[in-house]
Amino acid sequence: MSDGAAGGHNGVERRGVMFVLSSPSGAGKTTLSRMLVKEAAGLQMSVSATTRPMRPGEVEGRDYFFVDRAKFDQMVAAGEFLEWANVFDNCYGTPRAPVEAALASGRDVLFDIDWQGTQQLRSHAPNDVVSVFVLPPSVQALEHRLHTRAQDSHDVIQGRMKKAGDEMSHYDAYDYIVVNDNVGIAFESVKAILRAEQLKRERQIGIDAFVRDMRQQLEG
Ligand SMILES: Nc1ncnc2c1ncn2[C@@H]1O[C@H](COP(=O)(O)OP(=O)(O)OP(=O)(O)O)[C@@H](O)[C@H]1O
Ligand SMILES: Nc1nc2c(ncn2[C@@H]2O[C@H](COP(=O)(O)O)[C@@H](O)[C@H]2O)c(=O)[nH]1
């Protein structure tokens, strides 16, 4: 799925996509994001900062930048976030600098963020954001996934289940909806959306010159 240098498709310069996945907690965003980053060369995961405690198995700088509330507030005040929000009583924010650097070098960026963050990103960059809402196949499957992930306490899981309905109510602000029942099929769907969005004419900013050059060769 690689586009090669500078995000170009067959040598045509292209604007990077800001590819957002949101869902109720446990529907499978992190799973799908990891699969996508492995397969889609040129796609960079945005690593958020959070005040949430680290889960077993999480790695600083890979899963999140784990910071305390004072540091988070300082980052907000310094304008270091592209967006930030309070989710499940913790703060989460997208560091601005890595995203801007990736987009400037022609890479696509993948965001695993909630609906509030998506709204903020969309207001900053309406033409670059492509958003996908991931739904679980059922409420029972969602709860089962949160339990089998086995990384949160019973109380945390109950809290997230209580808020799942609220999170889901924002599905209609998203460009695409993917039901994550079979993970392989959901992955193929998300990958197809990214590919189609990369190929949109308006994102292929080098296409005019590319066609002009060929026409000149044909005419000359
Ligand atoms: N299609 C699927 N079928 C069965 N289990 C799945 C499927 N997709 C993901 N899972 C499992 O469900 C659990 C939750 O998935 P994941 O952590 O990716 O969710 P998430 O949406 O990122 O949650 P959060 O918002 O809390 O970070 C994980 O244990 C994952 O392996
Ligand atoms: N608005 C933002 N939401 C974010 C960001 N990073 C993660 N999230 C969302 O928070 C919840 C909970 O995540 P978890 O890792 O504690 O399970 C989930 O919906 C994420 O998508 C962010 O930078 N901004």
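Colleague: Which element gives the most to the shell around ligand 1?
Modeller: That is α1, with three residues. Keep in mind that this is a predicted model. Both α1 (29-39) and α5 (139-149) supply at least two residues of that shell.

Colleague: And how many residues surround ligand 1?
Modeller: There are 16, and the closest are Ser25, Lys29, Thr30, Thr31 and Asp181. By class, the shell has three nonpolar, seven polar and six charged residues.

Colleague: What lies 3.0 Å from an oxygen atom of ligand 1?
Modeller: A backbone N or O atom of Gly28 does. The side chain of Ser25 also has an N or O atom 2.6 Å from an oxygen of ligand 1, and a backbone N or O atom of Val183 is 3.4 Å from one of the ligand's nitrogens. On its own, ligand 1 exposes 640 Å², and the protein buries 76% of that.

Colleague: Switching to ligand 2, where does it sit?
Modeller: Ligand 2 is in the largest pocket. Around it are 17 residues, with Tyr64 and Tyr92 among the closest.

Colleague: Which strands supply at least two residues each to its shell?
Modeller: β5 (81-87) and β6 (90-95) do. The shell of ligand 2 divides into six nonpolar, four polar and seven charged residues.

Colleague: Which side chain has an N or O atom 2.8 Å from a nitrogen of ligand 2?
Modeller: That one is Asp114. For the oxygens of ligand 2, a polar side-chain atom of Tyr64 lies 2.6 Å from one, and the Tyr92 side chain has an N or O atom at 2.5 Å from one.

Technical notes:
Residues are numbered from 1 along each chain as its sequence is written. Chains are lettered from A and ligands numbered from 1 in the order in which they are written. This is a predicted model: local features need pLDDT of at least 70, side-chain atom pairs count only at pLDDT 80 or more; totals for chains, interfaces and linings use all residues. Side-chain values use heavy atoms; hydrogens and water are left out. A residue is near a molecule or strand if one of its heavy atoms lies within 4 Å of it. A polar contact is a pair of N or O atoms within 3.5 Å; within protein, one must be able to donate a hydrogen and the other to accept it, and residues adjacent in sequence count only if both atoms are side-chain atoms. Accessible areas come from the Shrake-Rupley method with a 1.4 Å probe; for residues, only the protein chains shown count as cover. Helices (H or I, at least four residues) and strands (E, at least two) are DSSP runs, numbered from the N terminus. Ala, Val, Leu, Ile, Met, Phe, Trp, Tyr, Cys and Pro count as nonpolar, Asp, Glu, Lys and Arg as charged, and the others, Gly among them, as polar. On a 1 Å grid over the protein atoms alone, a cavity is a set of points where a 1.4 Å probe fits but cannot get out, and a pocket is an open set with protein on both sides within 12 Å along at least five of seven lines; lining residues have an atom within 4 Å of a point. A molecule sits in a cavity or pocket if more than half of its atoms lie within 2 Å of its grid points.
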